[in-house]
Amino acid sequence: MSPPPERQLETIRRGTVDLISEKELLEKLRRGRPLTVKVGFDPTAPDLHLGHTVVMRKMRQLQDLGHTVVFLIGDFTGRIGDPTGRSKTRPPLSEEEVLRNAETYKAQAFKILDPARTVLRRNSEWLAPLTGADVVKLAAQYTVARMLEREDFSRRLRENRPVSIHEFLYPLFQAYDSVALQCDLEMGGQDQLFNLVVGREVMKGYGLEPQCLLTVPVLEGTDAHQVDGKIVGDKMSKSLGNYVALDDPPEEMYGKLMSVCDALMWRYYELLSALDAEAVRALHGDVTGGRVHPRDAKARLAFELTERFHSTEAARSAAERFDRVHRSHEVPEDVEEHRLVSATPLRLSRVCAQAGLASSGTDAQRLIQAGGVEVDGARVADKDAALAPGKTYLLRVGKRRFARVAIVPPETT
């Protein structure tokens, strides 16, 4: 049996940024029927990451209160690309790319959501059949002036950078999702507020009761840092490379979380940990009081999240491996070995790429210049450095990637 409406509202309100409006939501809850709650995910990349889980945990919370959650895969809108926060038009994805990414979302979503209480939908179901007349009717529900209130659009116009007309269609199509599903509540990140408000207004134009809106904080990426007491950095994003994917191997997930700065750790505790606010405050007090080392607090968080998305055994193994490599400065036991044949020295950048430590020779050169590559324990800064044949080298890129490479002259093969 669901809690009373007032108690539900108190639970729903916790950890939110915007809730529009509490009065309307309470009225919906008092009707005694499950709400239809929509959250959209555009499959523009194959991985869901920890940034997505902030709203997904709120989705699970609504499920536990007895409501119906629609996990909406934007396989149609994903071909347009959400312009939110974009400084330029995003190139549209192909249908094949979107469908391939959408398939990976299904399995990842149920690491958090209850499959029995989740409705999976794709917005191509109702957007693809729209006729030209249907699109004109939809476009008539919102004005250009209101669309230009969106900060990223107005900024680009002020800076004489193009805004394509199809980008105006994105929030309108997202709004039509709410019309098709007759949503009671739509949720998203704080940066989605504009799109959610459009949905609310468009529903009125179709004679429907407007949806309520809920936004959650946007999670900063792993490279964010503290400036004047504030966390500064881009949001977690696959395209920016500052993400922790739900499908990251345990060692990779654990290591990425251990790499965040101490200040960002507390932000992650707030938005990702299952610890309640009081327990987090107590832990923070232990760290600031010198009773717990910040590294140990970070390890606790890394273990919790790795265990959540993998297993206790995998988290324990990842923690032990991390300690061997970073605390004891030991080389992992499972270092991949590679054998390259050459009679002449090979450029280090090429070797890194061939050993899978970099995506390309250019990427390896960038890593070398940034001081992120070591050969036999010594950092190499020369992007043109070369490795002589007849030796075996231990390469290390970043904090967690190792390879042992033997360069063998042709006559010995």
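Trainee: Which residue in β5 does K38 stand opposite?
Mentor: K38 stands opposite E186 in β5. The strands involved are β2 (residues 36–41) and β5, joined by two bridges and running parallel. Two strands count as paired if DSSP finds at least two bridges between them. Keep in mind that this is a predicted model, where local features need pLDDT of at least 70, side-chain atom pairs count only at pLDDT 80 or more, and totals for chains, interfaces and linings use all residues. Residues are numbered from 1 along each chain as its sequence is written, and side-chain values use heavy atoms, with hydrogens and water left out.

Trainee: How are the strands and helices picked out?
Mentor: They're DSSP runs numbered from the N terminus: helices are H or I with at least four residues, strands are E with at least two.

Trainee: OK, and how many bridges join β5 to β6?
Mentor: Five, and those two strands run parallel. One of the pairings is M187 with L214 in β6.

Trainee: Is β5 buried or exposed?
Mentor: Five of the five residues of β5 (residues 185–189) are buried, so the strand is largely enclosed by the rest of the structure. Buried means under 20% relative accessible area, exposed is over 50%, and partly exposed is in between, with a 1.4 Å probe and protein chains only.

Trainee: What's the mean pLDDT of the chain?
Mentor: It's 88, and 95% of the residues reach 70 or more. pLDDT is the predictor's confidence in each residue, from 0 to 100. Among the elements, strand β6 (residues 212–216) has the highest mean, 96, while helix α4 (residues 95–109) has the lowest, 79.

Trainee: Switching to R150, where does that one lie?
Mentor: R150 is in the loop between α7 (144–147) and α8 (151–158). R150 is buried, at 5% relative accessible area.

Trainee: And which ring does R150 lie over?
Mentor: The face of F153, at 5.0 Å from the ring centre. The rule wants NZ of Lys or CZ of Arg within 6 Å of the ring centre and within 35 degrees of the ring normal. K256 does something of the kind too, with its charged end over the ring of Y243, 4.4 Å from the centre.

Trainee: What joins the side chains of R150 and N195?
Mentor: A polar contact of 2.7 Å. That term covers a pair of N or O atoms within 3.5 Å; within protein, one must be able to donate a hydrogen and the other to accept it, and residues adjacent in sequence count only if both atoms are side-chain atoms.

Trainee: How many aromatic pairs are there?
Mentor: Six. Rings of Phe, Tyr and Trp (its six-membered ring) pair if their centres lie within 6.5 Å; planes under 30 degrees apart are stacked, over 60 edge-to-face, and the rest tilted.
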